[in-house]
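Please read these notes beside the sequence and the model.

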Amino acid sequence: MKKVLLLVVLILLVSATAVYAAEPREGIRAGLITGLPFHIGVSGEYNFGQATASVSLGYASAFLLRVGGDYNFPEPFVNDAWGMALYLSVGGHLDLLIGSGWNTVALGIPVTWSYYLDDLPMKIFVKAGPEIYFGFGGGLDFLGTIGALYQF
C-alpha cells in the first residue's frame, strides 16, 4: 500500500509540473529509493554529465550496498501527448547483500528513465533490468526501482 501511495504522489507531482521540465544538471544528488523485489534505502549520486556514479545503502531481505554507474544519453525522449521529456540512461551496478542467511553478490544491467523538475532541483526516476545473483540463493531476477533525488 505504501508503494502505491508513493507512486501516486510521484505521478501527481510529475503531472503537475510536466510543462516545466528541466534538463539534467551536473552535481551531487541524494534521496530515497524503493522497488521490487522489495528493497528500500537511501541513495546518492554524482552526475558528471555523460556519466553518473551512484551508491545506495538499504534493506533487501538483508543489508544492501549498491554501487553503480550509468551512461546518460544527451537527447531526451519527448512525448507530446504526455507533455514531458524523459532522459534515458543505461548502466550497471554491483549489489552486496549481507545478513539474514544471505551473503550474496549480484550484478545488474538497468535501464533508467529520469525526469527533472524545473521548480525544484530534483530528479525522479524509474530503473528496471535483469540482475544475476551469485552465491547463496543464486539465480536470475528482474529488478525495478523508483526513487527521487534532491540536487545540492
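The numbered points below go from the whole chain to single sites.

1. Basis. The model is predicted, with local features requiring pLDDT of at least 70 and side-chain atom pairs counted only at pLDDT 80 or more, while totals for chains, interfaces and linings use all residues. Residues are numbered from 1 along each chain as its sequence is written, and side-chain values use heavy atoms, with hydrogens and water left out.

2. Overall make-up. The protein chain contains 1 helix and 10 strands, and the order from the N terminus is α-β-β-β-β-β-β-β-β-β-β. Helices (H or I, at least four residues) and strands (E, at least two) are DSSP runs, numbered from the N terminus. Of the 152 residues in the protein chain, 39% are buried. Here buried means under 20% relative accessible area, exposed means over 50%, and partly exposed lies in between (1.4 Å probe, protein chains only). Among contacts in the protein chain with a separation of 6 or more, 47% join residues 24 or more positions apart; a contact means heavy atoms within 4.5 Å.

3. A cavity is a set of points, on a 1 Å grid over the protein atoms alone, where a 1.4 Å probe fits but cannot get out; lining residues have an atom within 4 Å of a point. Grid points are joined across faces, edges and corners, and a volume is the space filled by probe spheres set on the points. The largest cavity has a volume of about 180 Å³. Its lining has 19 residues, and Ser43, Glu45, Ser54, Asp70 and Lys127 lie nearest the centre.

4. What lines it. At least two lining residues of the largest cavity come from each of strand 2 (39-47), strand 3 (51-59), strand 4 (63-72), strand 6, strand 9 (122-135) and strand 10 (139-151). Strand 4 gives the most, with 4 residues. By class, the lining of the largest cavity has 4 nonpolar, 10 polar and 5 charged residues. The classes are: Ala, Val, Leu, Ile, Met, Phe, Trp, Tyr, Cys and Pro nonpolar; Asp, Glu, Lys and Arg charged; the others, Gly among them, polar.

5. Second largest cavity. This cavity holds about 30 Å³ of space. Residues lining the second largest cavity include His93, Ile109, Lys127, Glu131 and Leu143. Strand 9 gives the most to this lining, with 5 residues. The lining of the second largest cavity divides into 5 nonpolar, 3 polar and 2 charged residues.

6. Aromatic pairs. The count is 6 aromatic pairs. Rings of Phe, Tyr and Trp (its six-membered ring) pair if their centres lie within 6.5 Å; planes under 30 degrees apart count as stacked, over 60 as edge-to-face and the rest as tilted. Tyrosine 87 and tyrosine 116 form an edge-to-face pair, because their ring centres are 5.7 Å apart and their planes stand at 75 degrees. Tyrosine 87 is in strand 6 and tyrosine 116 in strand 8 (residues 111-116), so this pair ties together parts 29 residues apart in sequence. Tyrosine 87 is buried at 8% relative accessibility, and tyrosine 116 is buried at 6%. Tyrosine 150 and phenylalanine 152 are also edge-to-face, with ring centres 5.5 Å apart and planes at 80 degrees. Tyrosine 150 is partly exposed at 37%, whereas phenylalanine 152 is exposed at 67%.

7. Backbone points to check. The peptide bond from leucine 36 to proline 37 is cis, with omega near -15 degrees. Proline 37 sits in the loop between strand 1 (27-36) and strand 2. Serine 61 is not a glycine, yet has a positive phi of about 65 degrees. Serine 61 belongs to the loop between strand 3 and strand 4 and is partly exposed, at 36% relative accessibility.

Conventions:
1 Å grid on protein atoms, 1.4 Å probe; cavity = no way out; pocket = protein on both sides within 12 Å on 5 of 7 lines; lining within 4 Å.
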